[in-house]
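User: Could you help me learn how to read a protein model?
Analyst: Gladly! Let us look at it together.

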Amino acid sequence: MEHQESTQQQDIAEPLIQQDEKRNITSEEGDGFRPRNTSQRGSLGVVWLSTAIAVWGSFLFGCCVIGLADSLLISYSDSYQEGSQSFTIRVFASIASIGAMIGAITSGHISDYIGRKRTMRMAAVFCIIGWLAICFTQGVWLLDIGRICTGYGIGIFSYVVPVFIAEIAPKDLRGGFTSLNEFMIQVGGSITYLLGPVLTWRMLSLVGLIPSLMMLLGMFFVPESPRWLVMVGKQREFEATLQRLRGKDADISFEASEIQEYTKKLQQMPKTRILDLFQKRYLHSVIIGVGLMLFKQFGGLNAFTSYASSILELAGFSSGKFGTVVIGLCQTPVTITAVVLMDRCGRRPLLLMSLVGACLGTFLIGVAFCLKDHELVLNLIPKMVLAGILIYLWSFASGIGSASWVIMSEIFPLNIKGAAGSLAICANWFGSWSVAYAFNYLMNWSSWGTFFLFSAVSAAATLFVAKLVPETRRRTLEEIQAHMLSSDSHSHS
């Protein structure tokens with residue numbers, strides 16, 4: 001049986017690799033693959049429109065997870081009883097991640113069954129219910145229900161949005177288009193950070209309703225993913241959709257035949273379950289997808305997104321609101337760098353530079369709190385902590401924040417994309433919940449030790465990327481996935 005599966009695996013990988021070797025195009029220095037031409041470039045108007053509508057889900061992600069948590073914690077915590085305040089705040093900060101984990105577990109199967117487009121529409125409905133519950137709550141229980149509902153919708157969005165964009169975008173621009181996912185996450189978080197000090201938390205929750213409704217309506221103008229249409233056997237709709245995405249004058253024959261051939265061979269393989277992902281032929285891609293998500297979260301992301309104000313106040317700021325406004329103003333412009341450079345420099349260089357910066361930023365914060373504990377250079381502590389937070393967030397937004405979503409959407413073969421994508425997104429939200437819930441415990445243990453721990457995780461992530469993560473720039477999804485299967489086959493032969 002194993003020999004048969006290995007043969008099927010090689011049958012998928014070899015034709016695409018052999019086609020690539022016959023192309024007279026030189027490899028880029030540092031790339032693990034060689035780019036080659038596909039269909040004639042047509043109009044990208046429909047791709048732009050579809051991406052612009054889909055990333056409203058990413059905007060909701062930023063509103064819910066990055067900005068709103070910190071702003072609501074400031075505004076709402078005064079109503080908690082003193083004895084239970086710490087526990088309630090930890091639950092509130094982390095409960096959206098619980099909903100997101102549930103959403104992540106179900107997202108792959110739902111999107112494989114009903115399609116990417118309907119899945120995004122369903123997630124928008126859950127977000128609308130959640131925002132309304134938060135806005136009209138009269139007690140903690142409805143607030144938490146609202147956070148779970150929005151978290152569930154965000155968990156689905158966090159899988160289906162980057163996957164949808166990657167499946168509709170042309171290979172030469174796929175990284176930039178998919179990076180818009182992270183860009184809009186940062187835009188949503190920044191706007192909520194900026195509005196937090198001036199709006200009541202009830203009004204702030206209504207901000208999330210606007211993109212939810214826009215997305216719900218916008219889905220009527222968005223085509224379905226052509227790769228999903230092939231997967232479910234809708235041949236005529238597939239060709240019409242691909243032609244619409246590439247422009248009426250574009251020659252789609254080569255791209256269409258490549259997608260069809262690859263999908264057909266994948267469908268001949270056995271139906272994949274979650275446990276099958278840990279078999280050796282898929283293990284490399286699963287380790288990369290899950291590993292990037294865990295390293296991203298355990299590097300301290302949710303500590304900053306949920307507790308930025310508390311960290312700044314502990315450092316010596318009279319109010320954390322000033323720092324969150326600075327963060328809100330600075331975060332979004334940096335993310336543009338990743339959008340521009342993702343297809344020019346590649347995924348690996350951005351990942352490596354980003355992780356080094358994240359390591360240095362959290363290390364600087366750790367040094368600052370260590371100096372504070374020893375009552376040294378107290379006047380510099382607030383500046384050092386703010387600088388460390390900005391270095392971390394800038395580094396995150398310019399690399400690992402975007403590249404982790406891009407690579408997750410690229411490396412999984414179509415026959416395991418639902419199960420593997422769900423696992424990777426679930427790992428992301430498990431890490432997010434763990435950090436949000438444990439952060440107060442860690443800070444009570446040691447403020448400087450907490451950030452040194454985050455710094456060590458980023459250092460380990462740098463080694464992980466350098467050793468295991470391939471470059472995927474300028475390759476079709478089919479070529480990337482064939483390479484991953486081929487590398488697994490060779491490494492275990």
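User: Is Trp429 buried or exposed?
Analyst: This is a predicted model, where local features need pLDDT of at least 70 and side-chain atom pairs count only at pLDDT 80 or more, while totals for chains, interfaces and linings use all residues. Residues are numbered from 1 along each chain as its sequence is written, and side-chain values use heavy atoms, leaving out hydrogens and water. Buried means under 20% relative accessible area, exposed over 50%, and partly exposed in between (1.4 Å probe, protein chains only). Trp429 has a relative accessible area of 1%, so Trp429 is buried.

User: Which kind of pair do the rings of Phe61 and Trp429 form?
Analyst: Rings of Phe, Tyr and Trp (its six-membered ring) pair if their centres lie within 6.5 Å; planes under 30 degrees apart are stacked, over 60 edge-to-face, and the rest tilted. Phe61 is buried too, at 8% relative accessibility. The ring centres of Phe61 and Trp429 are 5.1 Å apart with planes at 35°, so this pair is tilted. Because Phe61 lies in helix α3 and Trp429 in helix α19, the pair ties together parts 368 residues apart in sequence. Helices here are DSSP runs (H or I, at least four residues), numbered from the N terminus.

User: How many aromatic pairs does the structure hold?
Analyst: The structure holds 18. In one of them, the rings of Trp56 and Phe59 have centres 5.4 Å apart and planes at 70°, so that pair is edge-to-face. Trp56 and Phe59 both lie in helix α3 (residues 56-76), three residues apart, about one turn of the helix.

Note on methods:
Helices (H or I, at least four residues) and strands (E, at least two) are DSSP runs, numbered from the N terminus.
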